[in-house]
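Please examine the sequence and the three-dimensional structure displayed here before reading further.

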Amino acid sequence: MTAQADFFAGLPASEVAALTALGSRVVLQPGAVLFRLGDDATHLHVVERGAVALSMPMQVEGRHQDVRVDECLPGHTLGWSTLVPPHRFTLKATARLQTELLTLPRDVLLAHFTRVPDVGYIVMQNLAAVLGQRLQVFQAMWLREMQHVVDLSHG
Amino acid sequence: MGLILLMLGLSIVLTVAQGVVLAYLWRESQDAEPPALAAAQVAASPQFFATAATAGAADHRDARVDMLLDQLEQHIRLEHAVAESFLLAPTPATLHRLTDSPLRVH
């Protein structure tokens, strides 16, 4: 599963193995919180098994509620803020099932990219693709909500 | 003479009876412990006019919030799907495609 992860897209198997060796495997039980909104982003996580819900807070009937806005399944990478300043998580991540992750620390990753810049180039391309797609999706969702606001207020 | 005797007898009887009553009352007032009253078993009165709001307001509110959260998450999934399909073929029509989200009023 690791080789098919979006983080490793375009990398030869040997480089995938080298990157994988930099990380460690973590198992989360259902309901376990991987990181919270505002936490320092120091590790990238690749989902190998299970599912992680990404949520943001909303006020519902005067109470704070976590609303799921996305989900990461096997092959997906979460914690991209680890590689994007200001390196703070903007979502809360919670395991929905028993979940196994490959966890990669930022400083170790960046040191590896410095040693093997070709790998760093491909990984950053993958990062740009994921973030760009996410930006476009949420831009469209935001515009749709603005259209709804206009329709409600002006008929 | 007989009448006098009768009246004397009656007065004696009444005096003795009064004494007995007074003695009883005095003894009752001197009891160390007041008589224990058994806890009243109050039967639950039928709640002809009770509603869920009065009987389980907190549970009702939690169920309402849970339902709203489910609807919110369904809405987000639908919006996310429309936005992703817009990226595949960006046009005004695909951008503003309608969904059957429970939170949308059409």
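Predicted model: local features only at pLDDT ≥ 70, side-chain atom pairs only at ≥ 80, totals over all residues.

Residues are numbered from 1 along each chain as its sequence is written, chains are lettered from A and ligands numbered from 1 in the order in which they are written, and side-chain values use heavy atoms, with hydrogens and water left out.

Chain A contains three helices and eight strands. Here helices (H or I, at least four residues) and strands (E, at least two) are DSSP runs, numbered from the N terminus. The C-alpha trace of chain A spans about 60 × 30 × 25 Å along its principal axes. Of its 155 residues, 40% count as buried; buried means under 20% relative accessible area, exposed means over 50%, and partly exposed lies in between (1.4 Å probe, protein chains only). A contact means heavy atoms within 4.5 Å. Among contacts in chain A between residues at least 6 apart in sequence, 77% join residues at least 24 apart.

The aromatic side chains come next. Rings of Phe, Tyr and Trp (its six-membered ring) pair if their centres lie within 6.5 Å; planes under 30 degrees apart count as stacked, over 60 as edge-to-face and the rest as tilted. Over all chains, this rule gives three aromatic pairs. The rings of A:F7 and A:F8 have centres 4.9 Å apart and planes at 80 degrees, so this pair is edge-to-face. Both A:F7 and A:F8 are buried. A stacked pair is formed by A:F35 and A:F89, with 3.6 Å from centre to centre and 10 degrees between the planes. This pair links distant parts of the chain, for A:F35 belongs to strand β2 (residues 33-35) of chain A and A:F89 to the loop between β6 (77-78) and β7 (92-95) of chain A, 54 residues apart. A:F35 and A:F89 are both buried. Ring pairs also link A:F7, A:F8 and A:W80 into a cluster.

Charged side chains provide further links. A salt bridge is a side-chain nitrogen of Lys or Arg within 4 Å of a carboxyl oxygen of Asp or Glu, and the count over all chains is ten. In one of these, A:R88 is joined to A:D40, the closest N and O atoms being 3.0 Å apart. A:R88 lies in the loop between β6 and β7 of chain A and A:D40 in the loop between β2 and β3 (43-49) of chain A, so the pair ties together parts that are 48 residues apart in sequence. A:R88 counts as partly exposed, at 45% relative accessibility. Another salt bridge joins A:R49 and A:E100, whose closest N and O atoms are 3.3 Å apart. Because A:R49 lies in strand β3 and A:E100 in strand β8 (residues 99-105) of chain A, this pair ties together parts that are 51 residues apart in sequence.

How many residues of chain B are in contact with chain A? There are 24 such residues of chain B, and they meet 21 residues of chain A. The size of an interface is often given as the accessible area lost when the parts come together. Here the area buried between chain B and chain A is about 2,100 Å², of which carbon and sulfur atoms give 56%; buried area is the accessible area (1.4 Å probe) that two parts lose on being put together, summed over both.

Four salt bridges are counted between chain B and chain A. Among them, B:D62 pairs with A:R63, the closest N and O atoms being 2.9 Å apart. Helix α3 (residues 57-88) of chain B gives the most to the side of chain B that touches chain A, with 18 residues. Another salt bridge is formed by B:R64 and A:E61, with the closest N and O atoms 3.0 Å apart. This pair crosses between chains, from B:R64 in helix α3 of chain B to A:E61 in the loop between β4 (52-60) and β5 (63-72) of chain A.

Finally, B:T99 lies in the segment after α4 (92-95) of chain B. B:T99 counts as buried, at 13% relative accessibility.
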